[in-house]
Amino acid sequence: MDHNKLALPVGTTLDRFIMRKQEDFPYATGELSQLLRDIALAAKIVNREINRSGLIDIAGAYGNRNVQGEDQQKLDVIANIRFIRALRNGGEVCTIISEEDADIIQTGNNQGKYVVAIDPLDGSSNIDVNVSIGTIFSIYRRISPTGREGSSADCLQPGTHQVAAGYVIYGSSTMLVYTTGNGVNGFTYEPSLGEFFLSHPDIQTPKTGKVYSINEGSAESFSPGVAAFVQHCKSEKFSARYIGSLVADFHRNLLKGGIYIYPATAKDPSGKLRLMYECNPLAFIVEQAGGKSSNGQLRTLEIEPKTCHERCPVFIGSKELVEQAEAFLAQEKEAAEATATA
Ligand code: AHG
Ligand code: MN
Ligand code: MN
């Protein structure tokens, strides 16, 4: 009898995968590996909180607004506490940028070599209605010497400097997807074992797709280029798919092909999504998977950040579709310049 058929192997755990990857770098000290494991542990705890949120009193509004003027949900606050605590206890991180905190957070680990930017819970509007939500994180090596607190220069590095980035999706199953700049791998959580297992090795995103994801409720304030691109998607009979949780929309498009857009709108003139803990980590992942991300003109990863919570428009997903959208925006620019000089 084939033992593998009788009892299927459970596969590679995230911990073992991280350990194996570390062996590829002979001088690696293991701190980044430990940091990724800290994040995975916090993700398991947050996953547990999310799953029981309908049963205990942790759903709903917290009664406070974050620095961006958005109403915080209780789970936003809980996830923030969980991730920050895990990073503080882990010891590898000196400084954190979190969506939920106005100022950078000093962990007290002044020997820590890393800086983390995090959206602890993404998709707040979906928390209470049992729709997929997520966590997004980005990891940088500090540039200031260790032995003192991290500086704002450590935090405000362009996305090209990321050493790792990832997200967790709390969906029909919970997954952790991450890159250290050597491809993208996805792990699915097995709750009965309390482990993430490698389920999506070396994710490659399709070169193109037939899905566009944008909040068309704001269509009246789209720029002519964005409006023309959306019209193009319709004329090509694309499907519109928009969950309203960036992680979930991004994850679907990463696996199936498509484009996610959050453009400048009247309400959010610089776009809504935040460069440091929403756009950059996903841009790193999408590029590692063969896709593309830009603000319509500039590669997202090359934007020089000026503040921790700055926003930027984002066009992210399959390479061909992002390039098509950029071409529509370039036409818009040319038309505007022609009118200006006429
Ligand atoms: P967050 O919950 O972290 O504030 O992020 C919400 C974001 C993102 O997840 C989503 O794609 C976008 O807001 C949806 O915005 P609209 O409701 O304006 O479409
Ligand atoms: Mn978010
Ligand atoms: Mn959030």
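Modeller: By the rule used here, there are 2 cavities of 30 Å³ or more. Note that this is a predicted model: local features need pLDDT of at least 70, side-chain atom pairs count only at pLDDT 80 or more, and totals for chains, interfaces and linings use all residues. Residues are numbered from 1 along each chain as its sequence is written, chains are lettered from A and ligands numbered from 1 in the order written, and side-chain values use heavy atoms, without hydrogens and water.

Biologist: What is a cavity?

Modeller: Rolling a probe the size of a water molecule over the atoms shows where empty space is left. On a 1 Å grid over the protein atoms alone, a cavity is a set of points where a 1.4 Å probe fits but cannot get out; lining residues have an atom within 4 Å of a point. Volume is the space filled by probe spheres set on the points, which are joined across faces, edges and corners.

Biologist: What volume does the largest cavity have?

Modeller: About 50 Å³. Its lining includes Phe17, Lys21 and Tyr178.

Biologist: Which residues line the second largest cavity?

Modeller: Leu14, Ile18, Leu36, Ile39, Phe137, Leu176 and Tyr178. This cavity has a volume of about 30 Å³.

Biologist: Which residues are the protein donors of the manganese ion (ligand 2)?

Modeller: Donors are N, O and S atoms within 2.8 Å of the metal (3.2 Å for Na, K and Ca); water is not among the atoms, so sites may look incomplete. Here they are Asp119 (OD), Asp122 (OD) and Glu278 (OE), 1.9 to 2.2 Å from the ion. Asp119 also bridges to the manganese ion (ligand 3), and the two ions lie 3.7 Å apart.

Technical notes
1 Å grid on protein atoms, 1.4 Å probe; cavity = no way out; pocket = protein on both sides within 12 Å on 5 of 7 lines; lining within 4 Å.
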